[in-house]
Amino acid sequence: MRLYRKEGNTIQILCFPNENVEKGDYLQVEDPKQNKALLIQVINVQFANVPGILEELLRDSTNNGDIIHGENLDPLDVASQITLIQDARLLICKIRGTVQNGKLSVSSAWLPSRSQSNIKKLSTTTLAKLLKINDKLPIYIGDTKEFSPLKIDAAALDGSLNIVTGKKETGKSHFSKLLVLSLIEHGAPVVVLDLNGEYANLGYASDGKKNQHYSKIHVLTPAGNFKVTLPQIGLRVMFNILIHALNLPGTSAREFRRTWRLLKKQGKLNLHELGEAIRNLQCNYHVKDALFSRYYALVNSGFFTDNPSEAMTLEDCFRKIQTGGALAVNLRDTSFVDRQIVVEYLLGKLVEMLTGWKLKAVFLFAEEAHLYLRETYWNDIVTRMRHFGVFTTFVTNQPDTIRENIYRQVDNIFLFNFTSERDLETVSRAAKVDSETVKSIARDLPPQYCLLLGRVVKDFPIVVKVRALDVQTMGQTRLFFN
Amino acid sequence: MVNLLIEQYQYTTTPKYNFPHVIQHLQLPQHFIQLSLRTLRNIRKGNLFHPYVATQPVNPTAQMLEEPKRLFTEPSKPTLRLIPIKPIKDDTPIIAVDVSSMKIGETDIGILCAIRAAIVWKQRHRYRYVRLGPFPFHITEENKNEVYHLFRQYSFFEQPTLDYSSTLSLLYAPTRLGALFERWLQMGIAVQTRNGIILWDGSLTAGTQDAPVTVMSQLLETARNRSNTVLAFTKTTRLRLFGYRLTDHVGKCVPPCLVEINGYPIALSNTMRLLGNIYVAKLSEGNCSFRLDIDRKLPQEKAVEATQRLVGNDILLQSYPETLRLAHIYSTFTANEVIGIQRFLVQTHKLKIITRPNVRRLLFGPFGKGPES
């Protein structure tokens, strides 16, 4: 390999086909005189623009089919060198930093010698050591191209906003499950908004037997084992549900608040009494109708109960996972409105507990959050709630559903394959590396390969093959012909 | 070290190529490969190598080196005769040969060049080719005479008698060695082929150092004896007639046709002879016409018939036979191939690459546009 050209942050390396270099690989351009090396990453591999190549291709193209056949008698085997040049590659690389005396810095204000430099591949394992990315709480996420395990530091997820994204069937859900289980192993409390009921069986191995996570996975099914009484909810959360999930107009909301407070004062705060109170309300019939329709929506959700023994206390649940565990809220068989009711309740309670220091912090995994989170909650989760200790990981195959102001605050992106230019453009705007890197590498990632970007890799993008999990993932699509 | 490396080469000639029956016994002489290796042997590890950077061959052709400019001199009174051509389709084999030579670079003691040949033939509606080479040579002032002698020996089967060192310039060595290699191939094809049309690139002018009258006559005779006809196409001729370029005389003639030129001397000088009758060939639609030399010793009707068979059995684009065009394409070096050969020489002989300053550039800056010395 030879250093060919530098333009801005881009370096071009000339490479022969026998030098096996792929997108995502790191190279070290060592300048022996300066006693330091430039660390660069290959983001694209092209053919070198060798003069005369067009003539050769045109000449050989007459060789196709039956038109012309021939033999080349080349006893000195000069042609092997000609072929080598025909196949010469140009590696488009981005400068990532400098290695000097075994230490890595992000400095790139120098240029190695074109004639004297030695270029060699830097294994991901060596890079990980230089970066010290698996220091304290290692999470084994997969294997590098050299088949060595790659571990990231769970601490890099602490206090972070993360996005797991990629197109369908590339391994996003699998990866987020891996993160969930790894965080649990390190004693972290995790809440999963499980849209498709995929996390319900994380406590079981693929053979159906209970695994080591069994006791730490708690599945909450709204209207099943997850019901609440009205006093548990409180007026503030109920108000949020009525206004944001059920779109109750302001006038009706005021009437509802009055009714709620009256019932609470009388010690009659339950569903039955609430229904009766609305029925007996002396007010505008439009208001009454509005309150009735919302009341029946609450009743029909099945999420509310008047029986305290059926109700579940969220505080108790969080207590169970405080030293490591996951609450998987199974939203699979829940309607759109009911989903919003449940999520409003859950997040409201979560903030309540965090502000009251009943909970230190929680990792929230939200799959396809646009399907149940109201617009305003996005900002709330990533800004306000983050300060309370809600560290969110969004999992989505539609990166454009996440707003740009949220992207700006992202700390880590776990990027799987995308082919759509629009999706790549969206993600590349958020990533802490140049957009060329994101677009070029992500476009060619095979399934189960992930490009790690952000704090977890100290802003040195790394490609990893995500490891398999011995759990019942249930994330596979149901098929008709299978 | 380098010598040992070279001695390790074990090259043998391919006993039988995938030629049609007519030329299937043509073999690459072991001598030729050995000669290439022998010249490379005098490269020593660490010899300086200044790669030649031209992307197009700039060597003059052998024809250009020696073609007379004035043929139709006073008092000769040349006449022109139009011969219409009626294509004959009879699957006559058409064989073309072309050789390219290229200066690859310079060492501190000589030049490195490469030679490659291509033979293309058409039979039963199919084109086939054999490419020979590239063969690199290291020509120095010390070995040029020996190399040239050996080339002549292999090509002309003559014993070296003369000393060519004063007349053989290193500058033109690639072209002249290429011409000798071409003669050898022409002889091989003439011997191995029967009832075919053999296309040469160039004219049938003999009497130059690399095309002696005896050798050229023998070549044509060999071809004739095997019922072959040699048609030699000159792409660019400098001959003029009545003040105009020779090829301009076809004017508005309807193709395919030949314009026969009569009334010029056969002997151009004491040594140079025209071994062919000169025609201007306009064999298809288009703007181009070419000087065509056809063996003088063939009866004229045979010569015309051979042209008719060529027109009937080969594709002609701008009056130029496709077989000969392909031979040229397959033998020509592309810029990439030149780089490949340079790399081969550097790798196998551990040459140290240097870039000599371009004197013109140094002196004249952006105005120094001429070739490097």
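This text walks through a predicted model, from its two chains down to single residues.

Start with chain A. Its secondary structure comes to 15 helices and 19 strands. Its C-alpha atoms fill a box of roughly 105 × 60 × 45 Å along the principal axes. Chain A has 482 residues, and 43% of them count as buried. Now look at its contacts between residues at least 6 apart in sequence. Of these, 71% join residues at least 24 apart.

Chain B has 10 helices and 17 strands. It has 373 residues, and buried ones make up 45%. Take the contacts in chain B with a separation of 6 or more. Residues 24 or more positions apart account for 78% of them.

Next, the domains of chain A. Domain 1 covers residues 2-122. Domain 2 is written in two pieces, 138-226 and 312-466. Domain 3 covers 230-301. The C-alpha centres of domain 1 and domain 2 of chain A lie 39 Å apart. The contact between these two domains takes 8 residues from domain 1 and 9 residues from domain 2. On the domain 1 side, the elements that give two or more residues are β4 (36-47) and β6 (89-100) of chain A. β4(A) gives the most, with 3 residues. By type, this side of domain 1 divides into 1 nonpolar, 4 polar and 3 charged residues.

Stay with β6(A). This strand is mostly covered, with 9 of its 12 residues buried. Which strands pair with β6(A)? One is β2 (residues 10-15) of chain A, joined to β6(A) by 6 bridges and running antiparallel to it. Here A:Ile11 stands opposite A:Cys93 of β6(A). Another is β4(A), which is also antiparallel to β6(A) and is joined to it by 10 bridges. In that pairing, A:Leu38 stands opposite A:Thr98 of β6(A). There is also β7 (residues 103-105) of chain A, which pairs with β6(A) in the antiparallel sense over 3 bridges. A:Val99 stands opposite A:Leu104 in β7(A). β6(A) and β7(A) form a hairpin, with 2 residues between them. In the turn sits A:Asn101, whose phi is positive, at about 50°.

Now bring the two chains together. In the contact between them, 30 residues of chain B meet 23 residues of chain A. The largest share, 11 residues, comes from β5(B). What kinds of residue make up the side of chain B that touches chain A? It divides into 17 nonpolar, 8 polar and 5 charged. Strand pairing crosses between the chains as well. Strand β5 (residues 68-73) of chain A and β5(B) run parallel, joined by 6 bridges. Along this pairing, A:Ile68 stands opposite B:Tyr127 in β5(B).

Turn to a helix in chain B. Helix α2 of chain B covers residues 30-41, which is 12 residues. How far apart should its ends be? At 1.5 Å a residue, counting one less than the number of residues, α2(B) should span 16 Å. The buried residues of α2(B) are B:Phe32, B:Leu35, B:Ser36, B:Thr39 and B:Leu40. Where do they sit around the helix? They cover an arc of only 135° around the axis, so they lie on the same side of α2(B).

Finish with one residue. B:Tyr320 is found in strand β16 (residues 320-321) of chain B. Is B:Tyr320 buried or exposed? A residue is buried if 20 or more other C-beta atoms lie within 10 Å of its own. B:Tyr320 has 22 C-beta neighbours inside 10 Å, so it counts as buried. Which residues is B:Tyr320 in contact with, leaving aside neighbours within four places in sequence? They are B:Phe233, B:Cys288, B:Phe290 and B:Arg325. B:Thr234 is 86 residues from B:Tyr320 in sequence. In space, the C-alpha atoms of B:Thr234 and B:Tyr320 are 9.9 Å apart.

Terms used: Residues numbered from 1 in each chain as written. Chains lettered and ligands numbered in written order. Predicted model: local features only at pLDDT ≥ 70, side-chain atom pairs only at ≥ 80, totals over all residues. Contact = placed C-beta atoms within 7 Å. Helix = DSSP H or I, 4+ residues; strand = E, 2+ residues; numbered from the N terminus. Nonpolar A, V, L, I, M, F, W, Y, C, P; charged D, E, K, R; others polar. Pairing = 2+ DSSP bridges. Domains from an automatic or database assignment. Arc of directions from axis to C-beta.
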